[in-house]
Amino acid sequence: MLLSIYATFWLLLTAPPAYADVKDSKLVTGTEKLIGDVTTWLMILAPIVAGLLIIYFCIRRSAADEMDTKKWNNRIIVAIVSCIGAVLGSATLNIIIGYYK
């Protein structure tokens, strides 16, 4: 048992490094373009969807009673925070992908 652990460790230390040139492969460039396109669309669609949800929540809040008004206020806040999170997340991904170009 101990001999096999030493042999495995020795093989890992003495194995030559393997390098693969994947920078120009279709998988890498396609994934990079896909992430770029998705994050761009997310930065466009997130504020639009959040705006529509906020309008809907405000309409529902205006027709609600006192207890439900608090729930609709919380939903409006969640929609705003979610929109900010989606835009910041997609912008961060765009910046990270930009460093690999």
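Colleague: What should I know before looking at the numbers?
Modeller: The model is predicted, so local features need pLDDT of at least 70 and side-chain atom pairs count only at pLDDT 80 or more, while totals for chains, interfaces and linings use all residues. Residues are numbered from 1 along each chain as its sequence is written, and side-chain values use heavy atoms, with hydrogens and water left out.

Colleague: How many aromatic pairs are there in the whole structure?
Modeller: A search finds three, where rings of Phe, Tyr and Trp (its six-membered ring) pair if their centres lie within 6.5 Å, and planes under 30 degrees apart count as stacked, over 60 as edge-to-face and the rest as tilted. One of them joins Y56 and W72, whose ring centres are 6.3 Å apart with planes at 90°, so this pair is edge-to-face.

Colleague: Which helices do Y56 and W72 lie in?
Modeller: Y56 lies in helix α2 and W72 in helix α3, so the pair ties together parts 16 residues apart in sequence; helices are DSSP runs (H or I, at least four residues), numbered from the N terminus.

Colleague: Is W72 buried or exposed?
Modeller: W72 counts as buried, at 9% relative accessibility, since buried means under 20% relative accessible area, exposed over 50% and partly exposed in between (1.4 Å probe, protein chains only).

Colleague: Switching topic, what does T39 touch?
Modeller: Leaving out residues up to four places away in sequence, T39 touches S90, L93 and N94, contact being heavy atoms within 4.5 Å. T39 lies in helix α2 and is buried, at 2% relative accessibility.

Note on methods
Helices (H or I, at least four residues) and strands (E, at least two) are DSSP runs, numbered from the N terminus.
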